[in-house]
Amino acid sequence: MDTVKNYFFSDMGIMLGRSMRHIFRSMDTIITVTITPIAMMLLFVYVLGGAIQTGMDNYVNYLLPGILLMAIASGVAYTSYRLFMDMQRGIFERFHSIPIARSAPLWGHVLTSLVSNAISVLVIILVALLTGFRSSAGVLSWLAVAGILALFTLALTWIAVIAGLSATSVDGAGAFAYPLIFLPFISSAFVPTETMPGPVRAFAENQPVTAIVDAIRALLSNQQVGNDIWIALAWCVGIMLVAYVSAMRVYKRRV
Amino acid sequence: MQNEAIQVKGLQKSYKNLPVLEGVDLEVEKGSIFALLGSNGAGKTTVIKILTTLLKQDGGTASINGFDVATKPDSVRKSISLTGQFAAVDEILSGRENLIMIAQLRHLKDTRQVANELLDRFGLTDVADRRVSTYSGGMRRRLDIAMSLVGKPPIIFLDEPTTGLDPEARLEVWKTVKQLANNGTTVFLTTQYLDEAEQLADRIAILHEGKIIANGTLADLKKLFPPTKVEYVEKQPTLEDIFLAIIGKKEKK
């Protein structure tokens, strides 16, 4: 048992290398993940944005955090897709009949999700810079933003793991992502919540996306962050823990 | 030193309330080819999954290479490899990358060398750097078996290794399995083709309704039937004979 445990990190590294190769050999996974949020960003900046009163003079700066969250929400759908395909094709059975750490194949997918979403986020930030996004934030603020986004990715990735492991069809494996992609629309991501009618506003102000968006926005524009960052972190960590525990339970049952 | 590579006693497994295995007993001698014969849904794959530690049994014991599957799964995994019913290869990687990946996971040294030897042995050197998604069914199966041989495990499980293959690829697989056994590897295979068991296996067991209803060499099994009557029948070539003859001629040209 000990020898198997000792190899956990190298086994996981091999698994990460494998799925990163998948991503670089079918660049469509990065392209499809980034193209919709980028199109959305251009639409809002150049078509709708002019009519939206945000209290910030640069609408891209207002919009970007929500766009990044949308990209991550659609990116994790690929994690459940890849996981589902591995289960379906029997390659997981091959891995599990080799003396490797039992959870290494799963962690390989989780790390891949983290890396590939980071690439998507970078691509979108580059496009945002072209459309006029500017930030006065320092290194520490950027690190904090990266940390929040990484936690958000992990939280959604573990949800994606549950979906990928329990799905019975390819379509089912990715379907869980649609409501997640839609969540930023009912939040402070595109417009301030003040103009929304009562119940919608109550929902928008108390769902995780708003806290996360507000925290990132404040960090990027060098404003006082306040409580938002703690609420955002609490949401991310809370979702992550619950999803992780349930995902591991499903995983142990399936393999 | 015991002579049995695989020992199974009273193996039981049910899915929910549906009993699949109701007390399976079998033994496989080291270095032999053992065929588990049964119709679809007889529980052949369930037996393989339990013996390869992918599934836990409800009752009975099974030991592989002297290690109990339930209490020493890691030692069992070190002694075996599994080639499942569907070619478990990575489609996006090349054949070489697939082999190197398994060699790394088995923590071998000189993974490149291991991959090269197997590619050569299975006639895949020419296509080694092509993506597996471009391989034919036979090539895929060959790669699949090659991946099982990485690290030279002493016991190999093949679950319906020739299902879905064309006759030529089937013969290739048979040749490979015979070579393995000649080199001292124990082979446990399942099949639903009677001629496959007849061609390959030293011992054959028939799994029916959750139990082994017959177990022995081909000669033993033949004794279970009434004595042979001599009849004169004109031997017609089978379609398989014809197919292989035509293909063979084409390739010689």
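Guide: Two residues are in contact if their C-beta atoms, placed from the backbone, lie within 7 Å. Keep that in mind for this predicted model.

Visitor: OK. Which residues of α3(A) meet α6(A)?

Guide: From α3(A), they are A:T29, A:I30, A:V33, A:T34, A:P37, A:I38 and A:M41. Facing them in α6(A) are A:S116, A:I119, A:S120, A:V123, A:I124, A:V127 and A:A128.

Visitor: What classes of residue make up that contact?

Guide: The contact of α3(A) with α6(A) has 10 nonpolar and 4 polar residues. No charged residues take part in it.

Visitor: And at what angle do the two helices pack?

Guide: About 35 degrees, with the axes 10 Å apart. Helix α3 of chain A covers residues 28–48, and helix α6 of chain A covers 104–130.

Visitor: Is the crossing left-handed or right-handed?

Guide: α3(A) and α6(A) make a right-handed crossing.

Visitor: Switching to α11(A). Is that helix mostly covered or uncovered?

Guide: Mostly covered: 11 of the 13 residues of α11(A) are buried. Among them are A:V209, A:D214, A:R217 and A:L220.

Visitor: What covers them?

Guide: The cover for the buried residues of α11(A) includes α4 (59–89), α7 (139–166), α10 (198–206) and α12 (228–254), also of chain A.

Visitor: How far does α11 of chain A reach, end to end?

Guide: Helix α11 (residues 208–220) reaches 18 Å from its first C-alpha to its last. That is close to the 18 Å expected at 1.5 Å a residue.

Visitor: Which residue follows α11(A)?

Guide: A:N222 follows α11(A), and its phi is positive, near 60 degrees.

Visitor: Now the two chains. How many residues does the contact take from each?

Guide: 20 residues from chain A and 20 residues from chain B.

Visitor: Which helix gives the largest share of the chain A side?

Guide: α2(A), with 6 residues. Both α2 (8–25) and α5 (91–96) of chain A supply at least two residues each to the side that touches chain B. By class, that side of chain A has 8 nonpolar, 5 polar and 7 charged residues.

Visitor: Last topic: chain B. What is the strand order in the open sheet?

Guide: β2-β1-β4-β5, 4 strands with antiparallel pairing.

Visitor: Why do β2 and β5 each have one side without a neighbour?

Guide: β2 (18–29) and β5 (67–68) of chain B stand at the edges, each with a single partner strand, so one side of each has no neighbour in the sheet.

Visitor: How many bridges join β1 to β4?

Guide: 5 bridges join β1 (residues 4–15) to β4 (residues 59–64) in chain B. As one opposite pair, B:Q7 stands across from B:S63 in β4(B).

Notes
Residues are numbered from 1 along each chain as its sequence is written. Chains are lettered from A and ligands numbered from 1 in the order in which they are written. This is a predicted model: local features need pLDDT of at least 70, side-chain atom pairs count only at pLDDT 80 or more; totals for chains, interfaces and linings use all residues. Two strands pair if DSSP finds at least two bridges between them. The expected span of a helix is 1.5 Å times one less than its number of residues. A residue is buried if 20 or more other C-beta atoms lie within 10 Å of its own, exposed if 12 or fewer, and partly exposed in between; C-beta atoms are placed from the backbone. Ala, Val, Leu, Ile, Met, Phe, Trp, Tyr, Cys and Pro count as nonpolar, Asp, Glu, Lys and Arg as charged, and the others, Gly among them, as polar. Axes are lines fitted to C-alpha atoms, for helices over the stretch in contact, and angles run from 0 to 180 degrees between N-to-C directions. A crossing is left-handed if the near helix is turned anticlockwise from the far one by less than a right angle, and right-handed if clockwise.
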